[in-house]
Amino acid sequence: MSDELEFHAGGPVLVVGGYGTIGGEVARLAAPHWPLLLTGRTPERGAALAEELGAEVRRWDLADPRPFAAKARAVISTVNDPADRVLRAAVEASIPYVDITRWTSRLARASTPSTSWTALGLDYEVVVDGERREVMPLSDVRSVDVAGSRTKVASIDTPEQFTLPLTLGIDTAVTRIGFSTNASTSTLLAVKKLGFFRWGRGNRWRSLRRSLLYSPGKGGTAQIRIDVAGRNGKRTATIIDPAGQAHLTAVGGLLGLRRVLGEDGGAAPVGVTFPELTPHPEDVVAALAEHDVTVDLS
């Protein structure tokens, strides 16, 4: 038997992983707008959040072959979906679907007709000056100014390096990541230099991988610097969310839900769409400001 989702215009928004670090943030942002159904492997962990938000919580373990059935007006996935169970169930039921966790290779596959820590161990493609180049994760180390702080950054695989050239014809799209302390970035680079992300696979190293790559703690300010160069010159935008990266990711998920439900001032999209294809890009800064996310243009 397969999972059976059914579209229901008056139904809840199904948040897969709805009480995890990102899912909980998405749920809190979405609760004032739509009824919610939260799912995960251990629904008892989500009981308090569900009560707080007036939501329903149910078990859906994507590693468990037992089928899941529900009615929903939209689905947002905030967890890794290795077998595409959530994606397939939503597509088969023609339910609007938002995914905020899909790595580039899986995004490319999902966008054709036919987190993942491992991304740190695999070479990937970027577009530079209109040409595709294969690069190593955590290479091209440099220091940049991010909101007045000198920050060490290194290359990392993210979906916009695939989608921006595809959708907007961008000639160069490169993403780099850094942490609030350069020491943390240096530690990650040292682990990479030892080859851990290539040989440290499998269950044997799971706890070590988790300790290295998943330690949300209390969070801190999330800062993103975007540099754009074109025939009319150069511009820089700095996005700052004092509530942290999880909140900023959740805000993006909320805007994605508005987009696929046609509640952002445009018609609901047909087929696959990406964030940069929003029909009213001039409204994005104001939409972010509603959630205390600021954008500084220079």
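Helices (H or I, at least four residues) and strands (E, at least two) are DSSP runs, numbered from the N terminus. This is a predicted model: local features need pLDDT of at least 70, side-chain atom pairs count only at pLDDT 80 or more, and totals for chains, interfaces and linings use all residues. Residues are numbered from 1 along each chain as its sequence is written, and side-chain values use heavy atoms, with hydrogens and water left out.

**View 1. Helix H5 and the residue after it.** Gln161, Phe162, Thr163 and Pro165 of H5 are buried. Buried means under 20% relative accessible area, exposed over 50%, and partly exposed in between (1.4 Å probe, protein chains only). Gly169 follows H5 with a positive phi, near 70 degrees.

**View 2. Thr175 in its loop.** Thr175 sits in the loop between helix H5 (160-168) and strand S12 (176-177). Its relative accessible area is 16%, so Thr175 is buried. The Thr175 side chain makes a polar contact with the side chain of Thr158, at 2.8 Å. A polar contact is a pair of N or O atoms within 3.5 Å; within protein, one must be able to donate a hydrogen and the other to accept it, and residues adjacent in sequence count only if both atoms are side-chain atoms. Not counting residues up to four places away in sequence, Thr175 touches Tyr124, Ala154, Ser155, Ile156, Thr158, Glu160 and Gln161. Contact means heavy atoms within 4.5 Å.

**View 3. The largest nonpolar core.** A nonpolar core is a set of buried Ala, Val, Leu, Ile, Met, Phe, Trp, Tyr and Cys residues joined through side-chain atoms within 4.5 Å. The largest one has 27 residues, of which Val13, Val15, Leu36, Leu38, Ile76 and Leu257 touch the most other members. At least two residues each come from strand S2 (13-16), helix H1 (21-30), strand S3 (36-40), helix H2 (47-53), strand S6 (74-77) and helix H9 (245-260). H9 gives the largest share of this core, six residues. Apart from this core lies another, of 17 residues, among them Leu62, Phe68, Ala72 and Ile95.

**View 4. Packing of H1 on H9.** The H1 and H9 axes lie 8 Å apart, at an angle of about 50 degrees. H1 is therefore oblique to H9. Axes are lines fitted to C-alpha atoms, for helices over the stretch in contact, and angles run from 0 to 180 degrees between N-to-C directions. Angles under 35 degrees count as roughly parallel, over 145 as roughly antiparallel, 65 to 115 as roughly perpendicular and the rest as oblique. Thr21, Ile22, Glu25, Val26, Leu29 and Ala30 in H1 meet Ala246, His247, Thr249, Ala250, Val251 and Leu254 in H9.

**View 5. Positive phi at two aspartates.** Most residues other than glycine have a negative phi. Asp129 has a positive phi, near 55 degrees. Asp129 lies in the loop between strand S8 (124-128) and strand S9 (131-135), and is exposed, with a relative accessible area of 60%. Asp140 also has a positive phi, near 50 degrees. Its loop joins S9 and strand S10 (142-146). At 38% relative accessibility, Asp140 is partly exposed.

**View 6. Gly11 beside Arg73.** Gly11 is in the loop between strand S1 (4-7) and S2. Gly11 is buried, at 5% relative accessibility. Its C-alpha atom is separated by 5.1 Å from that of Arg73, 62 residues apart along the chain. Beyond residues up to four places away in sequence, Gly11 touches Pro35 and Arg73.
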